[in-house]
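Please prepare a short briefing on the structure below, covering its pocket, its aromatic contacts and its annotated domain.

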Amino acid sequence: MVILNTASMNFHNLFEDHGQLLKFDKGTQIYQEGESATEIYLVKHGKVQISKEAENGKELTFRICGKGSILGETTLFNKENVHTTSAIALLPSEAFMLTKDSLEMLLTEQPVLLIEYLKWLQNENIKNQSLIRDLVMNGKKGALYSTLIRLSNTYGETIADNVVYINFNLTNTEIANLCSTSREMVNRMLSDLRKQKIISMDKGYITIHNLQHLKDEICCENCPLSVCRID
């Protein structure tokens, strides 16, 4: 599994030294879209989904966050600081929580960490732009292939050359939510990939047998691992 925390360990230490450790059962909502954004979180362990629900009930999943991921930063310092997404624990999880006021005070007192925070925010912005590009410009197939590549970069375990086992259980509906498409469309595309022996699936776990094929199909730009991720 690829573990890559784009925020520095010094910045993570802010949460561990000054934050409150919270525990969340599977299915617990950490924060909800529309609520006041007054806290920021660092995942200690577990898995947390960041998503948004449209008026028609369709859900779009932006991130699946694991150890070292930071949540709740998007609108923390906005004038109208309300959450634009929701966060829910997919597994029993723990996270350090810092209030907005505490974070602001700590960053003001430690300019070096403020720079680290700004660097991390910049990387998150680039990551989000890359995600939107893949969802919009490459069509439904490209969105799925991009999602599989991002999952392999985040939760993948290399088995052999060009073969990656994604060590994270996902339903086809959850994959569809990551691709901003229907479950029926994802079912067909995954079935085609299985027939071509590009992937195999076993009880929700995906093995990619030809990662390069997926990259070639979407003219992958080989973005840095800090950008081409799902967390």
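The briefing that follows treats these topics in turn.

This is a predicted model, in which local features need pLDDT of at least 70 and side-chain atom pairs count only at pLDDT 80 or more, while totals for chains, interfaces and linings use all residues. Residues are numbered from 1 along each chain as its sequence is written, and side-chain values use heavy atoms, with hydrogens and water left out.

**Largest pocket**

- The largest pocket holds about 440 Å³ of space, a pocket being an open set of points on a 1 Å grid over the protein atoms alone where a 1.4 Å probe fits, with protein on both sides within 12 Å along at least five of seven lines, and a volume being the space filled by probe spheres set on the points.
- Its lining comprises 19 residues, of which Arg63, Glu73, Thr74, Thr85 and Asn128 are the closest to the centre; lining residues have an atom within 4 Å of a point.
- Strand 5 (59–65) and helix 3 (111–137) are the elements that give two or more residues to this lining, and helix 3 gives the most, with 7 residues; helices (H or I, at least four residues) and strands (E, at least two) are DSSP runs numbered from the N terminus.
- By class, the lining has 8 nonpolar residues, 8 polar and 3 charged, where Ala, Val, Leu, Ile, Met, Phe, Trp, Tyr, Cys and Pro count as nonpolar, Asp, Glu, Lys and Arg as charged, and the others, Gly among them, as polar.

**Aromatic contacts**

- The whole structure contains 6 aromatic pairs, meaning rings of Phe, Tyr and Trp (its six-membered ring) with centres within 6.5 Å, and planes under 30 degrees apart count as stacked, over 60 as edge-to-face and the rest as tilted.
- The Phe11 and Phe15 rings have centres 5.7 Å apart and planes at 85°, so this pair is edge-to-face; both residues lie in helix 1 (residues 9–18), 4 residues apart, or about one turn of the helix.
- Both Phe11 and Phe15 are buried (under 20% relative accessible area, with exposed over 50% and partly exposed in between, for a 1.4 Å probe and protein chains only).
- Tyr165 and Tyr205 form a stacked pair, 5.9 Å centre to centre with 20° between the planes, which links strand 10 (residues 163–166) to strand 12 (residues 205–208) across 40 residues.
- Tyr165 counts as partly exposed at 24% relative accessibility, as does Tyr205 at 28%.
- One aromatic cluster is formed by Phe11, Phe15, Tyr117 and Trp120.

**Annotated domain**

- An unreviewed UniProt entry places the feature "domain: Cyclic nucleotide-binding" at residues 24–107; UniProt positions are given in the numbering used here, feature names are shortened, and annotations may be inferred rather than shown by experiment.
- Over residues 24–107 the chain is 10% helix and 44% strand, with the end C-alpha atoms 27 Å apart.
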